[in-house]
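Dear colleague,

Please find below the sequence and structure that I am handing over to you. A description of what was found in the structure follows.

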Amino acid sequence: KKAEVIDGKKVVSKTTIRIRSKKKIGATEKFTEYIFEDGSSKRIALGEAAKPQYVKDQEEGVYTLPIYHWVDKWKQTTLQHDSQSHSKKLATRRSKGSNKLAARRGKGSDAKSIHTSPSAENPRAETLPEKITFVTYNVWFSTRNQDARAKELLRIVTSLNADFICLQEVTPVFLEHLKADPVIRKDYYLSDGTGTTLRGGKLAYGVVMCVAKSMALTHWALHVVPSAMNRRPLIARIVVNAKEMITVVTMHLESMRNAATRKQQLEHIFKLIEDQKHVGKLLEDDHHCFFMGDFNFDADAKKSDERTAIPTAYRDAWKIVHPHKSKKDSITVIDIQTR
């Protein structure tokens, strides 16, 4: 049974009580008294019963997702991480090498951004891993050669030993391939084990994230942003240690000639990244954020309304990791006529 949560606190017991009314002589009022795990309590007048936390979240456009892991099938799990021991585990897990932050580009991924605080640019061995690898790819929702494409794409993606795999245009068919992949089952947590996050009428699709089990994933959620195409960002939070955290965001921004909507979406997303309500306190100097996906615009274009919505603290990860490569090396282009 799912534990009841009120104001972010787990309820351990509740009792209906009567108290003499302060408003009307001789009358009594009914309350539900909630006792929380930390020993505190709260009384709520009957008829004003507290809504479950997930209902409050959804009313605010936040859909917290279960964390799925493979046992003998994909099951929901609750993860608890000791930040200090996990930091040591990460430090010993990585082989010594250059302190680069890697990101890979896929179909339609016309822009990718990276936010690095000073401590992220010069990561300390006892905190951040020496290397974090990201894969982001729009897997294309077309039914053309769908099974063959899914199998080959997963073969390539799983061979990269990535810490984060961010996928866009994931359909129910592709999700089944993803869930059946032996590497994904063994090494990753999955943001959707049932297909409930994939939205659409005739064609359902969405964004899905896989996070390596070596990462201290604590929370992820889909958020509602302005969209006529059911586009929603997926934001994951990862503990580094008691003072540092990593946020990873993937999004498929609005397609077609919808620059104004894409700009709105970006503005919403960057506010969500710094949101403290659902993930606790974020330390400004120790909050490392990586934002990737199919952005549907060229950040280097002379006329790009969207790029004005990207805070100046964010930097293009591809340019950082591959400073000598040209733009054509970073974008996969598909000729519509060859489809």
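Two strands are said to pair if DSSP finds at least two bridges between them. Strands (E, at least two residues) and helices (H or I, at least four) are DSSP runs, numbered from the N terminus. This is a predicted model, in which local features need pLDDT of at least 70 and side-chain atom pairs count only at pLDDT 80 or more, while totals for chains, interfaces and linings use all residues. Residues are numbered from 1 along each chain as its sequence is written, and side-chain values use heavy atoms, with hydrogens and water left out.

Strand β1 (5-6) is joined to β2 (residues 9-20) by two bridges, and the two run antiparallel; V5 stands opposite K10 of β2. These strands belong to an open sheet of four, in the order β1-β2-β3-β4, with antiparallel pairing. Because β1 and β4 (41-45) stand at the edges with a single partner strand each, one side of each has no neighbour in the sheet. Between β3 (residues 28-36) and β4 there are five bridges, again antiparallel, and the bridge partner of I35 is S41 in β4. Four residues lie between the strands of this hairpin, where G39 takes a positive phi near 95°.

For the chain as a whole, there are eight helices and 18 strands. Of its 339 residues, 47% are buried (under 20% relative accessible area; exposed means over 50%, with a 1.4 Å probe and protein chains only). Among contacts (heavy atoms within 4.5 Å) with a separation of 6 or more, 67% are between residues 24 or more positions apart.

Seven of its seven residues are buried, so β11 is largely enclosed by the rest of the structure. Strand β10 (residues 132-138) runs parallel to β11 and is joined to it by five bridges, with Y137 having L167 as its bridge partner. From β10 the chain passes through helix α4 (residues 146-158) to β11 in a right-handed β-α-β crossover (with the strands pointing away from the viewer, the path from the first strand over the helix to the second runs clockwise). Strand β11 also pairs with β13 (residues 206-212), in the antiparallel sense and over five bridges; here V170 stands opposite G206.

Helix α7 (residues 259-273) has 15 residues and reaches 21 Å from its first C-alpha to its last, close to the expected 21 Å. Its buried residues are T261, R262, Q265, L266, I269, F270, L272 and I273. They cover an arc of only 165° around the axis, which puts them on the same side of α7. The face turned away from that buried side carries the exposed residues A260 and K271. The strands against which the buried residues of α7 pack include β14 (216-223), β15 (234-239) and β16 (245-252).

With kind regards

Note on methods: The expected span of a helix is 1.5 Å times one less than its number of residues. The arc is that of the directions from the helix axis to the C-beta atoms.
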